[in-house]
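Here are my notes on the model, as numbered points. Please read them beside the coordinates.

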Amino acid sequence: MHGRARALAVTIVFFFVCALPGPPARAAAADAAVLADAQQRLAARAAPLRTRAEAQLAAVPGSATPPLGFDEAIGLFYDARGGRPAWTDPQRRAALAAALRGLADDGLDPADYQLAEVDRPATAASGQTLADDDWRVTHGAMLALLHLYRGKVEPGTLDTHWNFVPRAIDPQAGLRAFAAAVDSGDFAGLFAAARPAHPIYARLRAALARLRALEAAGGWPAIAAGPSLKPGAEDARVPVLRQRLALDGATLTADAQNLRYDSELQAAVERYQAAQYLDADGVVGRATLRVLNVPLAARIAQLRANLERGRWLLHRADGDFVLVDVAGYGIALYRHGEAVWRSRVQVGKPYRSTPIFESAINIITFNPTWTVPPTILREDVLPKLRKDPRYLQRNRLRVLDASGRELDPASIDWSRPGNVTLRQDAGADNSLGRVAIRFPNPYAVYLHDTPHQALFDARQRAFSSGCIRVERALELVELLFDDPLRWNRAAIDALLASEQTQNVSLPKPVPILIAYWTVEVDADGRLAFRPDVYDRDPALIAALDRAL
């Protein structure tokens, strides 16, 4: 039994999934004495687990996620059946096997969930072997459902900067749903209900199926190295470039004899470059060629990583919330599940990465001051200050002691400054701009305006020290208040004009989800692979590939 499965809450996953009970399962041709012995063995194995499960459930009364162990969940399932084997019917096993094979489109490995065992007929050699087989099949089915519902990999085991509360599980409702599916044989419906019910997940899943079909058909061609391909040029690689972009979804005239880089191909290249966060100049240079030649297997793995992120996060994407996509350098405000506002962001540099977590926006700071964080003070500001004595004056930074009293910079030995704080007064050139949007978190991270507006025009925008710079931040503030009478743009501008720092609580906190997606699939199914700016995909792919 895998250690992680024991530690997680019970597998079956969905909130009150409805499944119509079917006719009693047709028993396999097994000796009645063997069946009776298997039933007795399963009941005996389940009994102590039921006792433990009852104690675990009673330990957290009313909780949606009681600490119910995985074995205890299986024990409850067999106890409710009086120990009757569940998988002696060949048709029931075939239906489960088909559902398990479908996990390949979720980026999961069906072999992890006892598929080979399910594909074999239930043996009737002895009651012990029949009982062991039945238990293993149940274990595999439940584990598959758990992984569909909340992911195979625990995010915190990969990166301490991933901080999400695991998806809640109602074990008793889940067990009822699982038992109903066993009776009816509707495992396709059960597995479908376990998946995130979000269009993004469905698109990622369909895209993975398409790429795997393309891989089976031979994949996509590599484009040979050489001088940059520029519009108007003639080059033997042009037909291969056309073929490669067509396999990526571009609509292009197929002409293997046409060696000219024409306007149609140029438009397709520019669209591809923009989707991949490259400079959309139409020139197939070294950077564009490198992205075009990423192996198809690597893109399939990238899709699998993002499907796993979908299982972690997409159940949270409902109602009113703010979504920051770190790898996509974007932000959106959603109301009732629909985006009503979008903008661009600048995020943390790779060595000062923006953490991935969820919280709720609760405070808006107008005309914020900026206190230089210790890391930035030590690694960025002090080296500059030691070289340039006028650095503090030019950046309007004041020196404060531990009590908040202002000190004369000339009185400080900047080679050993001691316990001092540098603070920048509010103003248009303040590092936080005119507004900061705050939410509780252990990383001291927040959204804010910025005087560095020109940087929003860059394709890849990992420029900050961890916080998130928002383009058109004041528009977002007005929408967050959602009060056209009291908090319209004129009122906000008047408050800013006062130049006084003010913290204002939102009437109702707004959830915020800071996520990391390295693949985007639009409503038409077009794929865009983003740079993995924090190099997070490889570790996640390796964890997904790890056998259970």
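1. Asp482 sits in the loop between helix 16 and helix 17 (489-497). Helices here are DSSP runs of H or I with at least four residues, strands are E runs of at least two, and both are numbered from the N terminus. Most residues other than glycine have a negative phi.

2. Two remarks on provenance. This is a predicted model, in which local features need pLDDT of at least 70 and side-chain atom pairs count only at pLDDT 80 or more, while totals for chains, interfaces and linings use all residues. Residues are numbered from 1 along each chain as its sequence is written, and side-chain values use heavy atoms, with hydrogens and water left out.

3. Arg396 also deserves a look at its backbone. Its phi is positive, about 55 degrees, and Arg396 is not a glycine. The residue lies in the loop between helix 15 (391-394) and strand 7 (397-400). Arg396 is partly exposed, at 28% relative accessible area. The classes are buried under 20%, exposed over 50% and partly exposed in between, with a 1.4 Å probe and protein chains only.

4. Which residues of helix 16 (residues 473-481) are buried? They are Ala473, Leu474, Leu476, Val477, Leu480 and Phe481. These residues lie on the same side of helix 16, because they cover an arc of only 155 degrees around the axis. The arc is taken from the directions from the helix axis to the C-beta atoms. An α-helix has 3.6 residues a turn, so residues three or four places apart point the same way.

5. Helix 8 shows a one-faced pattern as well. Phe187, Leu190, Phe191 and Ala194 are buried in helix 8. Seen down the axis, these buried residues fall within an arc of 95 degrees, so they line one face of helix 8. They pack against helix 4, helix 6 and helix 7 (171-184).

6. Take the pairing of helix 6 with helix 8 next. Two packed helices are described by the angle between their axes and the distance between the axes. The axes of helix 6 (residues 127-150) and helix 8 (residues 187-194) come within 8 Å and cross at roughly 35 degrees. Axes are lines fitted to C-alpha atoms, for helices over the stretch in contact, and angles run from 0 to 180 degrees between N-to-C directions. Helix 6 brings Ala141, Ala144, Leu145, Leu148 and Tyr149 to the contact, and helix 8 brings Leu190, Phe191 and Ala194. Contact means heavy atoms within 4.5 Å. By class, this contact has eight nonpolar, no polar and no charged residues. Nonpolar covers Ala, Val, Leu, Ile, Met, Phe, Trp, Tyr, Cys and Pro; charged covers Asp, Glu, Lys and Arg; the others, Gly among them, are polar.

7. The second largest pocket has a volume of about 900 Å³. A pocket is an open set of points on a 1 Å grid over the protein atoms alone, where a 1.4 Å probe fits, with protein on both sides within 12 Å along at least five of seven lines; lining residues have an atom within 4 Å of a point. Points are joined across faces, edges and corners, and the volume is the space filled by probe spheres set on them. The lining has 35 residues, with Arg352, Trp370, Pro373, Ile376 and Ser465 nearest the centre. Strand 6 (370-371), helix 14 (374-387) and strand 12 (462-464) each supply at least two of the lining residues. Helix 14 gives the largest share, six residues. By class, the lining divides into 16 nonpolar, 13 polar and six charged residues.

8. Is Gln276 buried or exposed? Gln276 is buried, at 3% relative accessibility. Its place is the loop between helix 11 (263-275) and helix 12 (286-292). Leaving out residues up to four places away in sequence, Gln276 touches Val291, Arg299, Leu527, Ala528, Phe529 and Pro531.

9. Ala436 belongs to strand 10 (residues 435-438). Ala436 is buried, at 0% relative accessibility. Its C-alpha is 5.9 Å from that of Leu447, 11 residues apart in sequence.
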